[in-house]
Amino acid sequence: MRFSKVRLDHTAVITKNLVRDLEWYTKKFSCSLIYQDETWGLLDFDNICLALVTKGEHPNHFAIIDPTIKKDKRAKRHRDGIFFKYENDPSGNVIEKIDRASALK
């Protein structure tokens, strides 16, 4: 079996209560909280990150690392500087392409 070098970065799901759910995930699964503000939080599991977002902040999606996204004229920047672009697969699922290396330091 041959594995692709393309990597999933995170999946994001909408939460009804961000603070409660971040606490629940960290206690239940012993994952680490990487980031939290009033609209989203990022949890680190061994193999992938999970973003919990408030309604309207981001759609439910999964993110794929794509270092070429910063060259796409339609790409935008998150508040941390990471280039990103949302697109849909043929079934309408939302995919976020991101370039973590483009984060502002």
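1. In this predicted model, F29 has a relative accessible area of 42%, so F29 is classed as partly exposed. Y25 belongs to that class as well, because its relative accessibility is 22% and the class of buried residues ends under 20%.

2. Y25 and F29 both sit in helix α1, which covers residues 18-29. They are four residues apart there, which means that about one helical turn separates them.

3. A pair of aromatic rings is described by two values, the distance of the centres and the angle of the planes. For F84 and Y86 the centres are 5.5 Å apart and the planes meet at 70 degrees, so this pair is edge-to-face. An angle over 60 degrees is what that label requires. F84 counts as buried because its relative accessibility is 11%. Y86, with a relative accessible area of 28%, is partly exposed.

4. How many aromatic pairs does the structure hold? There are six aromatic pairs. Y25 and F29 make a tilted pair, because their ring centres lie 5.9 Å apart and their planes stand at 35 degrees. That angle falls between the limits for stacked (under 30) and edge-to-face (over 60). Y25 and F29 are also members of one aromatic cluster, together with W24 and F45.

5. The strands deserve a separate point. Strands of a sheet pair through backbone hydrogen bonds, and the pairing is either parallel or antiparallel. Here an open sheet has eight strands in the order β2-β3-β4-β1-β5-β8-β7-β6, and its pairing is mixed. Which strands stand at the edges? They are β2 (32-36) and β6 (76-77). Each has a single partner strand, so one side of each has no neighbour in the sheet.

6. Within that order, β1 stands between β4 and β5. β1 and β5 (residues 61-65) run antiparallel and are joined by four bridges. Across this pairing, A12 is opposite H61 of β5.

7. H10 is part of strand β1, residues 8-15. Is H10 buried or exposed? H10 is buried, because its relative accessible area is 7%. Leaving aside residues up to four places away in sequence, H10 touches I48, C49, A51, H61, F62, A63, E96, I98 and R100. With E96, the side chain of H10 also makes a polar contact, side chain to side chain, at 3.2 Å.

Terms used
Residues numbered from 1 in each chain as written. Predicted model: local features only at pLDDT ≥ 70, side-chain atom pairs only at ≥ 80, totals over all residues. Heavy atoms only, no water. Phe/Tyr/Trp six-rings, centres within 6.5 Å; stacked < 30°, edge-to-face > 60°. Helix = DSSP H or I, 4+ residues; strand = E, 2+ residues; numbered from the N terminus. Buried < 20%, exposed > 50% of the residue type's maximum accessible area, 1.4 Å probe, protein only. Polar contact = N/O pair within 3.5 Å; in protein donor to acceptor, adjacent residues only side chain to side chain. Contact = heavy atoms within 4.5 Å. Pairing = 2+ DSSP bridges.
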